[in-house]
Amino acid sequence: WSSRDFSWTKKLEANNKKVFGNHSFRPNQREVINATMSGYDVFVLMPTGGGKSLTYQLPALICPGITLVISPLVSLIQDQIMHLLQANIPAAYLSANMDWSEQQEILRELTSDYCKYKLLYVTPEKVAKSDVLLRHLNILNTRDLLARIVIDEAHCVSQWGHDFRPDYQCLGILKQKFPKTPVLALTATATASVKEDVVQALGLINCIVFRQSFNRPNLWYSVIPKTKKCVEDIDKFIKENHFDECGIIYCLSRMDCERVAEKLQEYGHKAAFYHGNMDPAQRAFIQKQWSKDEINIICATVAFGMGINKPDVRFVIHHSLPKSIEGYHQECGRAGRDGQRSSCLLYYSYSDYIRVKHMISQGAAEQSPSVTGYSRFNNSGRILETNTENLLRMVSYCENDVDCRRLLQLLHFGEKFNSAHCQKTCDNCCKITSSVDKDVTNIAKQLVELVRLTGQQFSSSHILEVYRGSLSQFVKKHRHETLGLHGAGKHLAKGEASRIIHHLVVEEFLLEDVKKSDIYGSVSSVLKVNESKAKNLFLGGKTIILRFPSSV
Ligand code: ADP
Ligand code: ZN
């Protein structure tokens, strides 16, 4: 697709310069445009900031007819339309919260003889719920004026992805109704299974897939053990490395956002919080202040981010554990869009994992009734399982203190990465001069045995205490100092046994049973043995090998 000249090539290049002010194309942009303009269904995986918008806005400008764009958020759409109108490209959008008369005006214009619009943006629920829209699209289609259908943030179609939206699932109807119109599906995040799911749900035919490396060389990754001093550490880090620069701190709960923002203000930072509990005007105000650099730091839930175009975000800090590697990669991707060096820090504690896990199981219980309408796996169990698996992968990423962070992230997207190319831009590559593989099967067996012996009703931290020989009151209360395995792990380096036990959870030899323990909503978990899996361990069929820095 790259080298050939097409009948539109000259026009394409001219308009890219004249209308969009770009001197050249970024990787894959020209190829994607050529493929979609040749009439193929196209699936594009391009990292955030890669320049996906151009791949449909430029064809929309030079092709006759109208391009329909489905995009998940009205705020995203408004931002796009503003840019298009600034470039003198006529565009409009329809959303449920617009006046009916205004919507009718737009629909009328759409099918008028000299329709001025080149692009029409809609939210997915418009497609799901508005017969009027489909009727108008049908009229355009019969006149050969429905040029292209674009599905932005296409991963929202898939329940395997990190941002599933039920309204996206009905978008398959577009290909059924307009089989000749090429579809262009765009996303910054998709594993192989998400991609398959999207292609199938949208009914894409002989689709051409473009994917490019998801590696972002200018982002520096670190995972840091989270302590009570976390916010102080963050303050110090920002003052030392990004003084007066701009960044995002992702927090788990609304309360965390407010608390972290308040503390940073006390430390003298221009910080604010942003979450779903604020009214939209308030949120828009904060976002605007941030875009204008009146606020440097936003402490936000993941509600903040999609469609954020600020090029000079110098740091993205995760105050607690993200829910999936995909989500994490995308959130980090908001840093350094201008290509300048930027920092991505993740504060990790195992107790946050228990909190997130609890939130996920609550979420699945609440979500299931509304999801079942469209779902192809119509039970909440399936969603819960996927979410839990995604979370466990994230835990295993954090627990890993040996392998290159880039390698681990890209592996998740099915991409091979040679860690030599990291050039020591992640914590693990900096830390490790050499490493050793260690057979920890015996330790693993002892830990599983200890869970059994204590009656499968204690947390991992208690099991570790007993294993390391603690004589705390709690240990004595349960007479666990009398067990044969009490203190069996005394000789192990700090952190080694905990890494092994967490590995046993990630690999499902042990299962976490999470409970809300008190009226304040704190959660606790107890470990249980997954006998069917643990069997292999004891029958000698399974060895467990972990990599450790060679100093251990
Ligand atoms: P994405 O949707 O993939 O995250 P955008 O389409 O928002 O990325 O583009 C990110 C930024 O890159 C925008 O500011 C856009 O103007 C700019 N951009 C896109 N294509 C080019 C190009 N060929 N040359 C220079 N800048 C570009
Ligand atoms: Zn690395």
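Modeller: Axes are lines fitted to C-alpha atoms, for helices over the stretch in contact, and angles run from 0 to 180 degrees between N-to-C directions. Helices (H or I, at least four residues) and strands (E, at least two) are DSSP runs, numbered from the N terminus. This is a predicted model, in which local features need pLDDT of at least 70, side-chain atom pairs count only at pLDDT 80 or more, and totals for chains, interfaces and linings use all residues. Residues are numbered from 1 along each chain as its sequence is written, while chains are lettered from A and ligands numbered from 1 in the order in which they are written.

Biologist: At what angle do helix α1 and helix α3 pack?

Modeller: Helix α1 (residues 9–18) packs on helix α3 (residues 54–62) at about 115°, and their axes are 10 Å apart. The two are therefore roughly perpendicular (65 to 115 degrees).

Biologist: Which residues of α1 and α3 meet?

Modeller: Contact requires C-beta atoms, placed from the backbone, within 7 Å. K11, L12, N15 and N16 in α1 meet L58, L61 and I62 in α3.

Biologist: What is the strand order in the open sheet of six strands?

Modeller: Strands pair if DSSP finds at least two bridges between them. The order here is β8-β13-β12-β9-β11-β10, with parallel pairing. β8 (219–225) and β10 (271–274) are at the edges with a single partner strand each, so one side of each lacks a neighbour in the sheet. From one strand to the next, the twist averages 15°.

Biologist: How many bridges join β9 and β11?

Modeller: Strand β9 (residues 246–250) pairs with strand β11 (residues 297–300) in the parallel sense over four bridges. G247 is opposite I297 in β11.

Technical notes. Parallel < 35°, antiparallel > 145°, perpendicular 65-115°, else oblique. Contact = placed C-beta atoms within 7 Å.
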